[in-house]
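Subject: Structure handover

Hello,

I am passing on the structure we discussed, and my notes on it follow. Please read them with the coordinates open.

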Amino acid sequence: MAFAATEDRPVTVDRIPKHSNETLTRKGPLAAGCQAEKPVVPVEPLVRMAEPEELEWIGEQSRRLDGRSPEEILAWAIERYFPRFTMATGLGPEGCVIISMLAKIEPRVYVFNLDTGYQFRETLELRERINEKYGMNIDLQRPDLSVAEYERQHGGPVYAHDPDRCCHDRKIAVLHRVAVHYDAWATGIRRDQSPTRADTPIVKWDKKFGLVKISPLAAWTKKDVWKRIVGEEVPYNPLHDQNYPSIGCQPCTRAVQPGEDERAGRWSGSAKTECGLHTGKD
Ligand code: SF4
């Protein structure tokens, strides 16, 4: 079970396949005159598409909620979508702040971490501290293959020569597997994090995953986030005190130098700037 603390967890949680690629594969049709099936071919899952009326409604809600507090935005999301409302978190400062808010508003929201197998030890320990402080159970969703199996299959670390493929296999595919059980998800994106995030709306349609995407902290600054962390003693990753403002997987994250963009330490030295969860491309 993903949740064990209470009896009334949303039933959808228990149906999430943890180590199955059932949503990512389908069997090919039988070739004419053949008795044997074609090999199973990995394909992207079919994701729901929004109707024009829904897109219009989402835009209206986004404009209406812009300027509201993150707690008000989350309360709206929960009223509208819970229990089919979820959050994926890399346990960055924004994710930790949102979890602290959810703990007060609706702690039964299904929160999970995409555990690629390459995360920092400090990130996994932070999950335990948050669970303990807020009585939550942040789930770990892992790829089908362990790191050892994945690297054996590909002749070594894929992140070293094809980080887009690695992020796809170890993050995007896993999120697709979870997303089919939900209607909406929250993210910790802020507009001032990077130029690629500057236009983030509060609510939008996420066509990649077929979900409504809600960014309650979109209008917050980095200072707002840290003020809340310090003021309410929200647990955070100790690596942030060692010049790691943005933390992903260990092989693809470095400390930043004074004056660098806060995401400059992610995939440093390559053109890659996003893992693909929050971009239209994949
Ligand atoms: Fe792989 Fe790096 Fe992406 Fe993690 S951040 S999934 S190690 S490419």
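Among contacts in the chain between residues at least 6 apart in sequence, what percentage join residues at least 24 apart? The figure is 70%. Please bear in mind that this is a predicted model.

Overall make-up

The chain holds seven helices and eight strands. It has 282 residues, of which 49% count as buried.

The sheet

Six strands make up an open sheet of mixed pairing, and their order is β5-β4-β3-β6-β8-β7. β5 (139-141) and β7 are the edge strands, each pairing on one side only. From one strand to the next the twist averages 35 degrees.

Helix α1 (residues 52-65) packs on it and touches β7 and β8, with a direction at about 150 degrees to that of β7. Helix α6 (residues 163-179) lies across β3 (85-88), β4 (110-114), β5, β6 and β8, and runs at about 160 degrees to β4.

Strand β3 and its partners

β3 is parallel to β6, and the two pair over three bridges. In that pairing F85 stands opposite A184 of β6. β3 also runs parallel to β4, again with three bridges joining the two, and M87 has V111 in β4 as its bridge partner.

In a regular strand the side chains alternate between the two faces of the sheet. In β3, F85 and M87 point one way while T86 and A88 point the other way, and all of them are buried.

Strand β8 and its partners

β8 (residues 211-214) has a parallel partner and an antiparallel one. The parallel one is β6 (residues 184-186), joined to β8 by three bridges; here W185 has K213 as its bridge partner. The antiparallel one is β7 (residues 203-206), which pairs with β8 over four bridges.

β7 and β8 form a hairpin with four residues between the strands, in which G210 takes a positive phi near 70 degrees.

As for the side chains of β8, L211 and K213 point one way and V212 and I214 the other way. All four residues are buried, the lysine K213 among them.

Helix packing around α3

Two packed helices are described by the angle between their axes and the distance between the axes. Helix α3 (residues 93-105) packs with helix α2 (residues 70-81) at an angle of about 55 degrees, the axes being 10 Å apart. α2 and α3 are therefore oblique to each other. The crossing of α2 past α3 is right-handed. From α2, the residues that make the contact are P70, E71, L74, A75 and I78, and from α3 they are I98, M101, L102 and I105. By type, the residues of this contact are eight nonpolar, no polar and one charged.

α3 also packs with helix α4 (residues 121-134), here at an angle of about 20 degrees and with the axes 11 Å apart. That angle makes α3 roughly parallel to α4. α3 passes α4 in a right-handed crossing. C96, I99, S100 and A103 of α3 make this contact with L126, I130 and Y134 of α4. The residues of the contact of α3 with α4 are six nonpolar, one polar and no charged.

T123 lies in helix α4. Is T123 buried or exposed? Its relative accessibility is 2%, so T123 counts as buried. Leaving aside residues up to four places away in sequence, T123 touches G90, L91, N237 and I247. The C-alpha atoms of T123 and G248 are separated by 8.9 Å, although the two residues are 125 apart along the chain.

Regards

Methods:
Residues are numbered from 1 along each chain as its sequence is written. This is a predicted model: local features need pLDDT of at least 70, side-chain atom pairs count only at pLDDT 80 or more; totals for chains, interfaces and linings use all residues. Side-chain values use heavy atoms; hydrogens and water are left out. Axes are lines fitted to C-alpha atoms, for helices over the stretch in contact, and angles run from 0 to 180 degrees between N-to-C directions. Angles under 35 degrees count as roughly parallel, over 145 as roughly antiparallel, 65 to 115 as roughly perpendicular and the rest as oblique. A crossing is left-handed if the near helix is turned anticlockwise from the far one by less than a right angle, and right-handed if clockwise. Contact means heavy atoms within 4.5 Å. Ala, Val, Leu, Ile, Met, Phe, Trp, Tyr, Cys and Pro count as nonpolar, Asp, Glu, Lys and Arg as charged, and the others, Gly among them, as polar. Buried means under 20% relative accessible area, exposed over 50%, partly exposed in between (1.4 Å probe, protein chains only). Two strands pair if DSSP finds at least two bridges between them.
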